[in-house]
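Here is a note for a colleague who is meeting this structure for the first time. Please keep the model open beside the text and find each residue as it comes up.

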Amino acid sequence: HVVQTRLMLNQFQDSDLLNYEVMTDRSKMMAMRFLAMLETSFMMAKPSSQAFVTIKMVQLSISHGMSRISPVGFAHFGSLLGTLGNILEGYR
């Protein structure tokens, strides 16, 4: 899923993501809040599952617009990429 998410992100310039549409679907916004809480919990309790949550947050943001919580997913995704050896891509 990391590769799929990287391919999704590679379709956009940084400026496109900074000016991306806003998430308006309330159920998706609630899902993002829930995933952000899971992100923190998994980081401490089950780090091996954290990547799934991170990827889901980024994919939801790309598919349904950016929410106030989207930066949490993008920050963790960047960290994940850095951990996998893609430091420059993770920095983006």
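**Notes on the model**

1. Gly-90 lies in helix 6, which covers residues 87–91; helices here are DSSP runs of H or I with at least four residues, numbered from the N terminus. This is a predicted model, in which local features need pLDDT of at least 70 and side-chain atom pairs count only at pLDDT 80 or more, while totals for chains, interfaces and linings use all residues. Residues are numbered from 1 along each chain as its sequence is written, and side-chain values use heavy atoms, with hydrogens and water left out.

2. Is Gly-90 buried or exposed? Gly-90 counts as buried because its relative accessibility is 18%, where buried means under 20% relative accessible area, exposed means over 50%, and partly exposed lies in between, with a 1.4 Å probe and protein chains only. Leaving aside neighbours within four places in sequence, Gly-90 is in contact with Gly-78 and Leu-81, contact being heavy atoms within 4.5 Å. The C-alpha atoms of Gly-90 and Phe-77 are separated by 7.1 Å, although these residues are 13 apart along the chain.

3. The largest nonpolar core has 13 residues, of which Val-2, Leu-9, Ile-62 and Phe-77 touch the most other members; such a core is a set of buried Ala, Val, Leu, Ile, Met, Phe, Trp, Tyr and Cys residues joined through side-chain atoms within 4.5 Å. Helix 1, helix 4 and helix 5 are the elements that give two or more residues to this core. Apart from it lies another core of eight residues, among them Met-32, Ala-36, Leu-60 and Ile-69. In soluble globular proteins, nonpolar side chains tend to be buried together.

4. Val-2 deserves a separate look. Not counting residues up to four places away in sequence, Val-2 touches Ile-55, Phe-77, Leu-80, Leu-81 and Leu-84. Phe-34, by contrast, is 21 Å from Val-2 in space, C-alpha to C-alpha, and 32 residues from Val-2 in sequence. Phe-34 is found in helix 3, residues 26–45, and is partly exposed because its relative accessible area is 48%.

5. Two polar residues may also be checked in the model. Gln-50 has its place in helix 4, residues 47–64, and counts as buried because its relative accessibility is 15%; beyond residues up to four places away in sequence, Gln-50 touches Glu-39, Phe-42, Met-43 and His-76. Ser-70 lies in helix 5 and is buried, since its relative accessible area is 1%. With residues up to four places away in sequence again not counted, Ser-70 touches Met-32, Ser-61 and Gly-65.

6. How many aromatic pairs does the structure hold? The structure holds one, and it is formed by Phe-12 and Tyr-20, edge-to-face, with 5.3 Å centre to centre and 85° between the planes. Rings of Phe, Tyr and Trp (its six-membered ring) pair if their centres lie within 6.5 Å, and planes under 30 degrees apart count as stacked, over 60 as edge-to-face and the rest as tilted. Phe-12 is buried, and Tyr-20 is buried as well.
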